[in-house]
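Let's take a walk through a protein model together.

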Amino acid sequence: MNLHEYQAKELLSDYGVPIPKGAIARTPADAESAATNIGGESWIVKAQIHAGGRGKAGGIKRAGSATDVRSVANALLGSTLVTAQTGAAGKRVNQVYVEAACQIEQEIYLAVLVDRSTARIAFLGSSSGGEDIEEMAAEDPNKIHKLVVDDVDRLDSEALNQFIAGLGFSGNSAIEAVSIAQSLFNAFRDFDASLIEINPLALAKDGSLLAIDAKMIIDDNALFRHGDLEQLRDESEEDQGELEARRYELNFASLGGNVGCVVNGAGLALATLDLLIDNGVAPANFMDIRPVATREQVATGFEMVLSDTNVEAVLVNIYGGGILRCDTIAEGIAIAVQRKGLNVPLIVRAGGTNMELCHKVLTSQGIATQFARDMTHAVELVKAATSKEAA
Amino acid sequence: MAILLDASSRIICQGITGATATFHCEKSIAYGSNLVGGVRPGKGGSKHLSLPVFDTVDEAKSTTGADVSLVFVPPQNAADAIIETIDAKIPLIVCVTERVPVLDMVRVRKALEGSASRLIGPNSQGIITPEQSKVGVMPTHRHFAGPIGVISRSASLTYEAIDQLYSVRLGQSTSIGIGGDAVFGIDFVDCLELFLADDKTEGILLIGEIGGSAEEELADFLKHSSVKKPVAAYIAGKHAPTDRRMGHAGTVNVFGTGSAAEKIDALASAGVHMASSAAVIGTTMRLALGR
């Protein structure tokens, strides 16, 4: 689960991470009064969306007066921001964060994450942080320092001191940076985060530090331990199809093509996309039916695929495993077709447990189905079906 | 021979009384797996599926002599169950549980280091040595004993691959699902070493996917390995959207590793026969064997 910058800052501030004074605003008037309450002479107005690259996309703007804050907020609120991470559709800005502007002498990158290669929590850091961190890391990986934490329950202070010194900190700044890193680590562990990223951590002329931006992702699998964090979920930030699918034990992603896909298992679903795209077919979506899905949940998923008006054919590629059986999927399809009708060609490739029953269920319900022998045959049938549609 | 599991393996199931666990234990017994008991705290002393149920793994082990445990415990308690099993020094632990919190798995990995246990999973379909024993949830009708060792990160793709191996008449020595999570137990390299050392395994099939660096590490290992056997592989996800998490937890890229293209390049340069699509996994394996 992604958090907004302002939510992450609030949580991290409670853990002792220094942040600029700021307030969230959902209207231009709120933004103006927020600026007045914060005080000072200069403010930053920041679009709150779940994507990075906001600065380069015009989602972070400086304002020199409270009325200026209002007009900047007015322009941002309700607009759609397209950044390097949002995809072409962009994200609508529903709220802005107004923050006191500060003098920045140097931008540092500091992150805590789960390092897969060592199966440990690790810090990443760089003395040259900021907007271009990813390009820089790709060009010169040596500029990224890493500290692997051996024990979840104990952060070795000597190792941490060395890591911070390696980022170029000294004197009081180093002491403060160590304390910030310790706070990030504690928050990471306590909230079951999978990523906390401070970019930049700003070093001011007087040597003090401020977290200027914060990105925080909570491990969805651990949310059962954090009922209080669930209220931070911003459903307006999520694809509505994906959101609905999750309620039905389906993993779903819209992809914009014209062939609907219904697959069981994430790996087989990825493989099906690869095979289709390699053959010049554009998938409309990714759908992975989880093994625990019921026929009613499968029906809902199938209806989601059919409700996409771009869909000109549907490919069902399933392999009945130990838990999910092909007949459950066929029954789900049958329910969906009874409710919504079927106006596009349906290609079904079913293997594994109860594959024969799958054929029987669809045939006995009178559902016009083209059965494929295997994946290669399935792609041939899909190509034939969609080229006829085009002709 | 086979690796890690054979007909003599003595298996217990943690969480045996749950509905899904019961279903799969029944299937495993029918397949011939030597189940000797179960664990369910609070139900010690009772029987389930005619097997003795114990309160703790320790009791189950000392009474039954179990050397394999199938962890069929909900995600909230899965890590504690695995750590209990490590403490009881059970040599092989298989966890099928999906959605275990990643920090719990970080703790589990720490507990595994220097222990007497190996962990398969979590989020794995398990392990099967055809015609001898299975520990997990995989369908069995296309498995038969043969020369191929299978290592996979995806259950659904393993079923597909096994189906294709069946079509080209290649059975398996052992097939292992290492799981689709970001932090997990034994990896490609661990399994590969065992298969290379197993005299009944003539060829190895890898099923990988985007995310992480397990495939790259394996390619590196293969380049330096003195033992050589034909290896074929398929990597899923070359056209996956880059900023999305596709069902498996493995795909958040912070510093850009784990793309399918990188994995395919790494494996191909290590002499692995790459299946160009999921439709040709079986035939690629057969070609790799020179048959």
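How many residues does the contact take from chain A, and how many from chain B? It takes 49 residues from chain A and 48 residues from chain B, where two residues are in contact if their C-beta atoms, placed from the backbone, lie within 7 Å. Before we go on, some ground rules: this is a predicted model, in which local features need pLDDT of at least 70 and side-chain atom pairs count only at pLDDT 80 or more, while totals for chains, interfaces and linings use all residues. Residues are numbered from 1 along each chain as its sequence is written, and chains are lettered from A and ligands numbered from 1 in the order in which they are written.

Back to the chain A side of that contact. Helix H8 (residues 266–278) of chain A gives the most to it, with 11 residues. (Helices, H or I with at least four residues, and strands, E with at least two, are DSSP runs numbered from the N terminus.) Sorted by class, this side has 24 nonpolar, 15 polar and 10 charged residues. Here Ala, Val, Leu, Ile, Met, Phe, Trp, Tyr, Cys and Pro count as nonpolar, Asp, Glu, Lys and Arg as charged, and the others, Gly among them, as polar.

Stay in chain A and look for an open sheet of six strands, in the order S13-S15-S14-S16-S17-S18, with mixed pairing. Two strands pair if DSSP finds at least two bridges between them. Strand S13 (250–254) and strand S18 (370–371) of chain A each have a single partner strand, so one side of each has no neighbour in the sheet. Elsewhere in the sheet, strands S14 (residues 259–264) and S15 (residues 285–289) of chain A run parallel and are joined by two bridges; A:Asn264 has A:Ile289 in S15(A) as its bridge partner.

Now hop over to chain B. Its domain assignment, automatic or from a database, gives domain 1 (11–120) and domain 2 (141–288). The C-alpha centres of these two domains of chain B lie 26 Å apart. Where they meet, nine residues of domain 1 of chain B are in contact with eight residues of domain 2 of chain B. On the domain 1 side, helix H4 (102–112) and strand S7 (118–120) of chain B each supply at least two residues, and H4(B) gives the most, with five.

Next, find strand S12 (residues 203–209) of chain B. Are its residues mostly covered or uncovered? Seven of its seven residues are buried, meaning that 20 or more other C-beta atoms lie within 10 Å of a residue's own, with C-beta atoms placed from the backbone (12 or fewer would be exposed, and in between partly exposed). B:Gly203, B:Leu205, B:Ile207 and B:Glu209 point one way from S12(B), while B:Ile204, B:Leu206 and B:Gly208 point the other way. S12(B) runs parallel to strand S10 (residues 145–152) of chain B, with five bridges, and also parallel to strand S13 (residues 231–236) of chain B, with six bridges.

Last stop: the inside. The largest nonpolar core has 198 residues, and those with the most contacts inside it include A:Met287, A:Ile347 and B:Val94. Such a core is a set of buried Ala, Val, Leu, Ile, Met, Phe, Trp, Tyr and Cys residues joined through C-beta atoms within 7 Å. H8(A) turns up again, giving the most to this core with eight residues.
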